[in-house]
Amino acid sequence: MKYTLLGIGPGLPNPTDSLSALVVQTDRGSYLADCGEGTAAKLVKHGFSKDFLDAIVITHYHPDHVGGLFMVIQLLYLEGRTKSLNLFLPEREQEFMSIFPLMYTFEQKFSFRLNVYGMEELNDIHTNVVCYANDHLSGYKEIIERNQYGNEMKAYSLIFQEADKQLAYTSDLRTLEVLKQNFQQTDAIIMDALHPSADEIINYANAYTNKLILTHGISAKLKDWLQHNEGIKAELAVEDKTCEL
């Protein structure tokens with residue numbers, strides 16, 4: 001299994017880091033998890049061909065995780081992709097897909113079939129990828145209810161499997177508590193280092209043996225902990241680096 005972080009930046013853009021996107025290559029398919037702005041250019045930069053991806057998985061609808069999807073789809077049909085592509089969305093799939101014709105990106109022009117699914121179908125179709133609901137969007141409940149928005153506050157974390165190897169991707173989440181039971185047996189975790197508290201991440205690193213790859217920004221406290229604790233099983237993510245489990 002190989003993975004490449006195409007974007008490691010936080011929700012507030014900065015000049016050095018691209019927005020969230022992760023490519024995972026397994027013996028049963030290649031996946032793009034999240035699709036922040038600029039992902040299309042990163043796919044070209046790394047030489048991933050038009051038929052390379054088997055599925056795109058969007059963990060939640062924050063712009064830094066989904067804003068680049070429209071250009072990725074445009075890239076694929078302009079390149080003449082012929083292989084069908086599965087797209088997994090966290091909620092309100094048909095409403096989301098209505099944005100494409102609004103942008104004059106008509107499915108009738110595609111040279112490939114785009115299959116759109118809800119996240120609950122992911123493991124049925126790609127049996128080596130499992131999703132777990134997390135609490136990242138729970139803080140929006142009051143504003144959603146008060147304004148009668150249709151948002152369902154669905155956000156997910158993922159585990160990719162190949163033989164006896166497992167790679168976890170937390171995406172964004174408020175706390176690690178909801179994932180500990182399922183994630184503690186994985187070989188490595190690409191972990192949101194900004195939203196959970198530094199203490200919670202440090203306590204996790206001390207309690208479990210997984211390798212932690214910290215991404216999506218980092219607090220000053222967590223950065224100081226990394227710098228002053230040699231031999232810990234945690235490291236800062238490096239954008240555009242391909243790693244193998």
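Predicted model: local features only at pLDDT ≥ 70, side-chain atom pairs only at ≥ 80, totals over all residues.
Seven strands make up an open sheet with mixed pairing, and their order is β6-β5-β4-β3-β2-β1-β13. The edges are taken by β6 (114-118) and β13 (242-244). Each of these has a single partner strand, so one side of each has no neighbour in the sheet. From one strand to the next, the twist averages 20°.

Within this order, β3 (residues 29-33) and β4 (residues 55-57) run parallel and are joined by three bridges. In this pairing, Y31 lies opposite A55 of β4.

## A helix on the sheet

Helix α3 (residues 69-79) packs on the sheet. The strands that α3 touches are β4, β5 (85-89) and β6. The direction of α3 makes about 170° with that of β5.

Helix α9 spans residues 198-207. Its buried residues are A198, E200, I201, I202, Y204 and A205.

## The α9 and α10 pair

Two packed helices are described by the angle between their axes and by the distance between those axes. For α9 and α10, the angle is about 30° and the axes are 9 Å apart. Angles under 35 degrees count as roughly parallel, and α9 and α10 are therefore roughly parallel to each other. The crossing of α9 past α10 is right-handed.

On the α9 side, the contact involves A198, D199, I201, I202 and A205. On the α10 side, K221, L222 and W225 take part. A198, I201, I202 and A205 are also listed among the buried residues of α9.

## T186 in the α8-β10 loop

T186 sits in the loop between α8 and β10. Its relative accessibility is 5%. Buried means under 20% relative accessible area, so T186 counts as buried.

A polar atom of the T186 side chain lies 2.7 Å from the backbone oxygen of F183. Leaving aside residues up to four places away in sequence, T186 touches I159, Q166, A168 and N210.

Terms used: Residues numbered from 1 in each chain as written. Heavy atoms only, no water. Pairing = 2+ DSSP bridges. Helix = DSSP H or I, 4+ residues; strand = E, 2+ residues; numbered from the N terminus. Axes fitted to C-alpha atoms, helices over the stretch in contact; angles between N-to-C directions. Contact = heavy atoms within 4.5 Å. Buried < 20%, exposed > 50% of the residue type's maximum accessible area, 1.4 Å probe, protein only. Polar contact = N/O pair within 3.5 Å; in protein donor to acceptor, adjacent residues only side chain to side chain. Parallel < 35°, antiparallel > 145°, perpendicular 65-115°, else oblique. Left-handed = near helix turned anticlockwise from the far one by under 90°.
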